[in-house]
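The sequence and structure come next.

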Amino acid sequence: MIKDNQRYFNRLHVVLDAVIVAASYMLAWYLKFASPFSDIDPTVGVLSMRTYFEMLYVIVPGYLILYYSFNLYTPKRATVHKYEILNIFQANTLGLILLMAGWYLISQNHFSRSMMAMFYVLNICLTALGRSLIRLLLQYFREKGYNLKYILLVGYSRAAEEYINRINSNPQWGYVVRGILDDSVPSGTLYKGVKVVGRIDNLLYILPENKLDEIAITLSLKDYDHLEHIVDLCEKSGVHTKFIPDYNSLFPSRPYTEDLMGLPVVNIRYVPLTNTLNWCAKRIVDVIVALVGLIVASPVMLIAAAAVRCTSRGPIIFKQERIGLHNKPFKMYKFRTMEVQKPSAEKQGWTTKDDPRVTKVGKFLRRTSIDELPQLFNILMGDMSVVGPRPERPQFVEKFKEEIPRYMVKHQVRPGLTGWAQINGYRGDTSIKRRIEYDIFYIENWTMSFDIKIMFLTIFKGFINKNAY
């Protein structure tokens with residue numbers, strides 16, 4: 001069995017990166033000053049080649065430190081390649097900024113900015129290419145049976161099944177699961193080609209043989225009382241041990257941890273908008289978008305208001321209680337699209353296709369989502385956001401929180417005028433369960449760019465919708 005030597009590959013990466021940084025810099029100098037395409041007059045304000053190349057004593061080690069800081073020398077087996085490329089881009093961008101700032105501080109104005117721009121592009125491209133070639137080379141060797149890691153799973157659980165699924169789907173990682181030990185599942189039980197090979201006590205005989213690279217503890221929740229003993233056995237053997245918690249039912253998406261004076265705390269739900277800076281940035285964007293929206297949409301809103309007033313009796317604006325941030329009720333505004341009803345009739349349920357309560361003008365307003373425009377005032381008042389889960393009426397909140405797991409998670413952020421679920425077609429009389437899945441994905445993966453994407457898609461997909469009755 002050939003074991004993975006991470007130090008060897010880290011050194012290979014360091015040497016390759018150093019060569020690429022130096023080669024990119026020298027190639028950029030050649031293209032700028034010595035190539036047939038160069039139009040530089042060497043007698044006017046040009047530093048000597050020696051001066052330029054002496055900078056390599058700073059640039060090469062500096063860039064290697066930056067690469068280390070951006071986690072480019074961590075194990076590569078299960079890392080996503082696009083994130084590695086992103087880290088290369090970020091490290092090079094910071095490197096260029098630091099170089100420019102350094103020259104400014106020492107009043108060195110003769111270094112060619114265009115040459116550094118060429119170095120920036122070349123270094124990103126060549127470093128990314130070098131990393132890709134190493135990945136392909138490692139993948140080739142792993143397919144041939146070299147550079148593999150042999151793993152034993154301790155505990156048959158949902159976590160074990162998910163781990164096996166991912167390993168089978170990614171053979172380029174070079175992981176081989178030798179088997180599973182479990183006290184509850186009979187020996188010989190197979191899952192995706194991986195067999196239960198014995199009881200957990202068999203670790204006492206397996207570990208001394210030293211034929212494993214890793215132990216993955218994948219106990220089910222009910223067996224966690226054995227965890228400390230199993231970790232102790234594995235640690236004594238010297239085999240690298242990792243713990244894959246069986247908490248999919250409790251942590252349906254990515255949890256995150258915080259350090260409380262040395263005590264790790266696992267948060268069940270990752271909500272980026274609990275961060276004050278994120279919250280403030282989103283609120284500023286909400287106010288700006290709402291103000292611009294009111295100005296741009298004011299002619300349409302005036303026409304809609306006149307149409308509602310002229311075609312049916314009753315108020316122009318319809319106010320309805322909805323549940324918002326932290327389960328607090330608020331009055332949501334819409335253009336009235338139905339005949340005036342008694343409060344008891346209003347609570348009968350969602351609007352359905354060809355609902356007789358909807359007016360002719362109301363039908364058009366609903367189909368085009370113009371009836372939602374008064375909610376721009378809700379955004380300015382702070383009850384709503386431009387993007388977020390759609391708010392629901394109190395009686396439906398009470399109903400769904402008992403029927404749909406994680407339904408109440410949506411109230412950890414402000415409700416929105418539009419949302420990830422809405423632009424994917426989940427509005428009106430559609431699956432609440434699927435809608436909540438989209439809402440939770442949005443809540444846990446919020447970024448400002450994600451909000452901008454949803455706003456942009458709303459223009460093309462969110463206003464007119466076949467499910468808006």
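Two residues are in contact when they have heavy atoms within 4.5 Å of each other. The model discussed here is predicted.

## A buried aspartate

By that criterion, and not counting residues up to four places away in sequence, Asp-371 touches Lys-334, Phe-335, Thr-337, Leu-365 and Arg-366. Asp-371 sits in the loop between helix 11 (360-368) and helix 12. Its relative accessibility is 2%, and the limit for a buried residue is under 20%, so Asp-371 counts as buried.

## Nonpolar cores

The largest nonpolar core has 42 residues, and those with the most contacts inside it are Tyr-407, Trp-420, Tyr-442 and Ile-454. Elements that give two or more residues to this core include strand 10 (329-335), helix 12 (375-381), helix 15 (432-444) and helix 16 (448-462). Helix 9 provides the largest share of this core, seven residues.

Leaving aside neighbours within four places in sequence, Trp-420 is in contact with Tyr-438, Phe-441, Tyr-442, Phe-450, Lys-453, Ile-454 and Leu-457. A second, separate core has 32 residues, among them Val-60, Leu-66, Phe-70 and Phe-119.

In soluble globular proteins, nonpolar side chains tend to be buried together.

Terms used:
Residues are numbered from 1 along each chain as its sequence is written. This is a predicted model: local features need pLDDT of at least 70, side-chain atom pairs count only at pLDDT 80 or more; totals for chains, interfaces and linings use all residues. Side-chain values use heavy atoms; hydrogens and water are left out. A nonpolar core is a set of buried Ala, Val, Leu, Ile, Met, Phe, Trp, Tyr and Cys residues joined through side-chain atoms within 4.5 Å. Buried means under 20% relative accessible area, exposed over 50%, partly exposed in between (1.4 Å probe, protein chains only). Helices (H or I, at least four residues) and strands (E, at least two) are DSSP runs, numbered from the N terminus.
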